Amino acid sequence: MPRPILATVHTGALRHNLERARRSALEARVWAVVKANAYGHGIERVYEGLRGADGFALLDLAEAERVRALGWRGPVLLLEGVFDARDLELCSRLDLWHTVHCDEQIDMLAAHKTLKPQRVFLKMNSGMNRLGFTPERFGSAWTRLNALTQVDEISLMTHFSDADGARGIAHQLATFERATRDLPGERSIANSAATLRHAEQTRGDWVRPGILLYGSAPDFPEHDAAHWQLQPTMTLSTQIISVQTLRAGDTIGYGSRFTAQGPLTIGIAAVGYADGYPRHCDSGTPVLVNGVRTHMVGRVSMDMITVDLTNVPDAKFGSEVTLWGKSAKTGAVLPIDEVAKAAGTIGYELMCAVAQRVPFADPAPTEGQ
């Protein structure tokens, strides 16, 4: 028998979250962002749940090829554009739309020989200070692109740095609107947080939800997934493989970080940092055992963690342990954001960090409906 750890992708939850994004997007079309192998879920595993989107946005050509291989014939957007002039040939062949964020990418287009003009998304650096043309140079970049026979339609985009927090979007939105006031083209400015928190101001023609599609709140801990009516799309589960009874003064695991204050029953669960469970989680990190909420005690090992079974007296060898997601036994949910907070990180990282040795079990397409 294989080791009992398992990751499950919930197709019905993906559909639900996509529709949640669409309700906030109002009339705007929706990109389903599937970069980083669909935030660790697997592009092929999420495709059925997200194929109701208007397009797929991703990072590189290999991901684009996978989406096309699944039969998708609609828009596909390269969020960082091309990295080499040779990439433009594949953009032509696969009919990819791509971001243009620097002069070098315009130079590549100018030298590209193609019979079919390409759709591009011109990106502004409105304050994020990663990719994009400054507001002062945005108009001249648009003029250069517009003069190229290699370019068809030009859309306009930017990315918010603080849509999930107190600073908000007003400063960047004003910059973007001022610099694009006289330019034609569709707009795409809303990420997950802007789609949920600032829908009226930012919906534009396209929204770009990422993390919200995967059931994580983009502004946690101010709001949790339940507040935004999001459902978990990934469950990481395992089983109890041993039960130990401790006496007062007994310690647990490497470094003896946890000492029992009295009699204590603990379960050893088959998961560790080699599976992608964060080593920085400490005593108190929530877990579900048989759908009952309890917590971890001691330090995370490479292949095991230990959990307090005080609240789960019926737990035994083989009992279900839910590290995040939805208990198959009871339907109880442990939000991935809570586990990430205990690890000092965010849900994005946990999704993307599930190790290769963890098998995935794909649910039926109607699961969760």
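A residue counts as buried here when its relative accessible area is under 20%. Keep that cut-off in mind for this predicted model.

Start with helix 3, residues 43-50. By that cut-off, I43, V46, Y47, G49 and L50 are buried. What do the buried residues of helix 3 pack against? Their neighbours include three helices: helix 1 (11-25), helix 2 (35-39) and helix 4 (61-69). Strand 2 (29-33) and strand 3 (55-58) are also packing partners.

Eight strands close it, in the order 2-3-4-5-6-7-8-9, with parallel pairing. Look at one pair within it. Strand 4 (residues 76-78) runs parallel to strand 5 (residues 97-100), and two bridges join them. Across this pair, L78 stands opposite H98 of strand 5. Helix 5 (residues 87-94) packs on the sheet. Helix 5 touches strand 4, strand 5 and strand 6 (118-123), and its direction makes about 120 degrees with that of strand 6. Helix 6 (residues 103-111) packs on the sheet too, touching strand 5, strand 6 and strand 7 (151-157). The direction of helix 6 makes about 135 degrees with that of strand 5.

Now move to strand 16, residues 305-308. Are its faces covered or open? Both are covered. I305 and V307 are buried on one side, and T306 and D308 are buried on the other. Strand 16 pairs in the antiparallel sense with strand 13 (residues 264-269), over four bridges. There, A269 has I305 as its bridge partner. Strand 15 (residues 292-297) also runs antiparallel to strand 16, joined by two bridges. In that pairing, V297 stands opposite T306.

Conventions
Residues are numbered from 1 along each chain as its sequence is written. This is a predicted model: local features need pLDDT of at least 70, side-chain atom pairs count only at pLDDT 80 or more; totals for chains, interfaces and linings use all residues. Side-chain values use heavy atoms; hydrogens and water are left out. Two strands pair if DSSP finds at least two bridges between them. Contact means heavy atoms within 4.5 Å. Axes are lines fitted to C-alpha atoms, for helices over the stretch in contact, and angles run from 0 to 180 degrees between N-to-C directions. Buried means under 20% relative accessible area, exposed over 50%, partly exposed in between (1.4 Å probe, protein chains only).
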